[in-house]
Amino acid sequence: MAIFANRALLATGWADNLRVELEEGCIARLTPNVTAQPGDTHVDTLLPALANLHSHAFQRAMAGMTEYRLAGRDSFWTWRDLMYRFTAHLSPEQVQAIAALVYLEMQEAGYASVGEFHYLHHRPDGQPYDRLAELSDRIMEAAAETGIGLTHLPVLYSYAGVGEKPLEPGQARFGNDVDRFCTLVDQARDARATLPGDCRVGIAPHSLRATSPADLAQVVAAQGTGPIHIHIAEQPKEVAEVQAGLGARPVEWLLANAPVDARWCLIHATHMTEDETRTMAASGAVAGLCPVTEANLGDGPFNGPTYLNAGGAFGVGSDSNVLISLTEELRILEYSQRLRDLSRNVLVVGEGSVGQTLYCGAATGGAQALGRNAGEIAPGQLADLVAIDSRNPALCALRSDQLLDGLVFAAKDHVVTDLWSAGRHQVQNGRHVNRDRIVSNYRTAIAGLLADL
Ligand code: ZN
C-alpha cells in the first residue's frame, strides 16, 4: 500500500508531493515530486508519529475524580491514596476496556505507540491470578483491539519505601519479588507472539522507593536487554527519602550505581541539580517527561535548558492519562519553562523553531525509549505516521517551517486526520476505525466499576 502526501517532514527536511510505499509495517520507499496513483491514501501533511512513552492506562478512569479540594492540603500523596482505593476494584475485563479506550484516544491524538508502565498484576487481595501475567495479557489484548504499537513494561514493585519497607495493603496488587517478577516477564514475552512484530516487552523497576539496590541490580542483569524504565525524581519528598536512605539524590544515585545508557528511560527526571542534569544528558538515557500529569500533580518543572544544551534525549508520556493530548503535552512542557524563567522560546538550542525542536526531539527520543525503529520518516523505519490537515483554520496561514509551531502552540489534536501504527491504518478521517465498539465497551466497564466503588 502507499500514502500520497501533499507535503511531508522527512529526516532530511520538507518534501512535496511525496509517495510513501509501505511494506510489512515499514517505510519501503519515498518518492517526492510525483503524482498520486490509483489506490493511494491521500493526506495533506505527513509527520512522523510520536511514541507516548509513559502510561498507566487504568488511571484514565479516575480522571476528574481527584480535583475536589478537601480540608487540609491535597498533594501527590493524597492523590495516590485515592488511586490505591480505585485499584482495589478493577477486574481484568475492566483493565482491558479502559486500556483500549486510552490507546484509541492516544492514536486519535497522534501517538502511534505507547509504553505501558504496568504495575497492576494481582487480584485485589494480592493473590496472583491463575496465570501470573493475566493483566499483562489484558494490556496486550487492548493493544490488539486498537492496533497501537505496544512496548509493555511490567513493573517490579516490592517495597513501600527505601529500606525495604513492607508493602502497604493498598499496594498488594503490585507486589513481586525478583524471582516471581522474572517469571511474569517471561510469560509476557511469550504472550507477545500474539501481537504484531513491533510489540516489545521491557522492564520497569518502579522506583528507588519500591525496589532495593540489590534487587535492581539483579533484575537489570536478568532481564535488562531493554527498554528499562524507572520513576526517578518526581517529588521533593521522594528525593529526601532516597537521600536519607541511600546517601545520594535519586538521579545521582542511579547514574553512579546502575549501568544507565541508551536502553534506559528516566521517568519524571524532575528534581535534578545542574550536575545531575548534565550527567544524565551524557548517559544516553531518555528523560521521560509527562508535562500534563506533572502539572496536575504539582510535581514541578523539568530543568529543560541545561538538559537540552547538554544534548540530552527526551520524550513525552501521558502518565496518569488525566488528559490525553499530544499538543497539550508539548505546549505545557514549553509553557512550564516560560512561567518559571519569565522568558519565551526556552526549549531550543541556539536559534530555531521551538515547535520543531519539541516535536522532532520527542519523536526520536520517544522511539528510542520504547525500543522502536521509528521517529523519522525514512526508508527502513517503522511506518509510525500521522497526517494533519494544514487547511484547518489554526494552521492555514503558516509556511512549512512554521507548521510545527502552529501544531504545538495554536492547534488542537483534532487536526489529526490519519494515523498509522507500524503501517496499521487505525485512524481515518479523524476517527479510530474501531471507535464505536471500544467506547461502548468502556461505558459498560465504567458502569460496573462505579457500582462496585
Ligand atoms: Zn508514572
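Where does S207 lie? It sits in the loop between β9 (204–205) and α5. Helices and strands here are DSSP runs numbered from the N terminus, with at least four residues (H or I) for a helix and at least two (E) for a strand. The model is a predicted one, so local features need pLDDT of at least 70 and side-chain atom pairs count only at pLDDT 80 or more, while totals for chains, interfaces and linings use all residues. Residues are numbered from 1 along each chain as its sequence is written, and side-chain values use heavy atoms, with hydrogens and water left out.

Back to S207: its relative accessibility is 0%, so it counts as buried. Buried means under 20% relative accessible area, exposed means over 50%, and partly exposed is in between (1.4 Å probe, protein chains only). Leaving aside residues up to four places away in sequence, S207 touches I230, H231 and E238, where contact means heavy atoms within 4.5 Å. S207 and S353, on the other hand, are 146 residues apart in sequence and 35 Å apart in space, C-alpha to C-alpha.

I230, one of the residues touched by S207, has L266 in β11 as its bridge partner. Strand β11 (residues 264–269) runs parallel to β10, and five bridges join the two. For two strands to pair, DSSP has to find at least two bridges between them. These strands belong to an open sheet of four, ordered β10-β11-β12-β13, with parallel pairing. At the edges stand β10 (228–233) and β13 (313–316), each with a single partner strand, so one side of each has no neighbour in the sheet. Ignoring direction, neighbouring strands of this sheet are turned by 30 degrees against each other on average. Helix α12 (residues 354–369) packs on the sheet and touches β10, β11, β12 (286–289) and β13, and its direction makes about 90 degrees with that of β13. Axes are lines fitted to C-alpha atoms, for helices over the stretch in contact, and angles run from 0 to 180 degrees between N-to-C directions.

Helix α4 (residues 178–191) and helix α5 (residues 213–223) meet at an angle of about 30 degrees, with their axes 11 Å apart. That makes α4 roughly parallel to α5, as angles under 35 degrees count as roughly parallel, over 145 as roughly antiparallel, 65 to 115 as roughly perpendicular and the rest as oblique. The contact is made by V178, D179, F181, C182, V185, D186 and R189 of α4, together with D215, Q218, V219, A222 and Q223 of α5.

There is also an open sheet of eight strands, in the order β3-β2-β1-β4-β14-β15-β16-β17, with mixed pairing. Its edge strands, β3 (26–31) and β17 (431–432), each pair on one side only. Within this sheet, β1 and β4 pair in the parallel sense over five bridges, and A8 has L46 in β4 as its bridge partner. β4 and β14 pair in the antiparallel sense over four bridges, with L385 in β14 as the bridge partner of P48. L385 also has a bridge partner in β15, namely W420. β4 is mostly covered, with six of its eight residues buried. Helix α13 (residues 403–410) lies across β1 (2–10), β2 (13–23), β4 (41–48) and β14, running at about 80 degrees to β4.
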